[in-house]
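Colleague: Could you take me through how you read a strand and its neighbours in a model such as this one?
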Amino acid sequence: MLAAQSHAATDPRAPAIEVRNLHKSYGDLEVLKGLSVTARHGEVIAIIGGSGSGKSTFLRCINLLEKPNSGQIIIGGEEIKLKTTQHGLEPSDRRQVERIRTNLAMVFQSFNLWQHMDILHNVIEVPVHVLGQSRDQAIATAEDMLRRVGLYEKRHSFPSFLSGGQQQRAAIARALAVEPSAMLFDEPTSALDPELVGEVLKVIKDIAGEGRTMMLVTHEMAFARDVADRVIFLHQGRIEEEGPSEQIFNAPKSERLQQFLRSIG
Ligand code: ADP
Ligand code: MG
């Protein structure tokens, strides 16, 4: 079974995610200027920084939604094979990319649910059609995940009939259903009305508490302080400061980080 293989291919002693010296440009614009980040198994890393600092690009490179120009990405000890082309680096092993993508679930600001499917079918789509799980097994898992995010009763609803908070919780259930080794969240609450933010943060906090590796881009500083083991502050495509969340929020060293925290506090 594909899912079992994907987990066997990774080395449990290796860091969950390791990025070395990642560079990414769009044309002449250098967006990531040599980022190196390591996430241990079960570690929750919050990525903060101003708009345009490269947070989304960083997550999208890890998930191979963007092609880096140079650098290494190592997931669970398995280095992603990249080959040099005139457009920069491209993954050279399509099956490896599929395996790694299904092992690294991403949750987007805009939910990205399939509008023509009800919630249950959104959740079982990848397990059935990509991972080759039986329908019955996928439905059983999906129902479990939907219960965990408080949406079991809504499983036959279509996304457009749900609130933004419910849609994002459905997207989180969908991400969990592939049993990812790590989860990447890109501003999961930024598109929500303020009164719906709390229900989504609560679900993310529960998942973080289960010991899952997470990288989380967020503007919710109180939340980052609460759930993150470590915080990385990006400024113009570089790590300006990183450290335990307590240190970053209570005793920031860099002037830019102090300024950033004041500006959003
Ligand atoms: P953040 O998520 O921190 O706000 P992004 O990673 O989205 O920042 O963007 C970093 C920079 O890269 C910005 O200047 C943005 O305009 C630029 N950028 C992002 N995606 C693209 C793209 N597909 N084409 C060209 N420029 C892009
Ligand atoms: Mg972004």
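Modeller: Let us begin with pairing, where two strands pair if DSSP finds at least two bridges between them: here E9 and strand E10 (residues 213-217) run parallel and are joined by 5 bridges. Helices (H or I, at least four residues) and strands (E, at least two) are DSSP runs, numbered from the N terminus. This is a predicted model, in which local features need pLDDT of at least 70 and side-chain atom pairs count only at pLDDT 80 or more, while totals for chains, interfaces and linings use all residues. Residues are numbered from 1 along each chain as its sequence is written, and side-chain values use heavy atoms, with hydrogens and water left out.

Colleague: Which residue of E10 stands opposite Ala182?

Modeller: Ala182 faces Thr213 there, and the chain passes from E9 through helix H7 (residues 194-209) to E10 in a right-handed β-α-β crossover, that is, clockwise from the first strand over the helix to the second with the strands pointing away from the viewer.

Colleague: With which strand does E9 pair over 4 bridges?

Modeller: That is strand E8 (residues 104-107), in the parallel sense, with Met106 bridged to Leu184 of E9.

Colleague: How should I read the side chains of E9, and are they buried or exposed?

Modeller: In a regular strand the side chains alternate between the two faces of the sheet. Ala182, Leu184 and Asp186 point one way from E9, Met183 and Phe185 point the other way, and all are buried, meaning under 20% relative accessible area, with exposed over 50% and partly exposed in between (1.4 Å probe, protein chains only).

Technical notes: Chains lettered and ligands numbered in written order.
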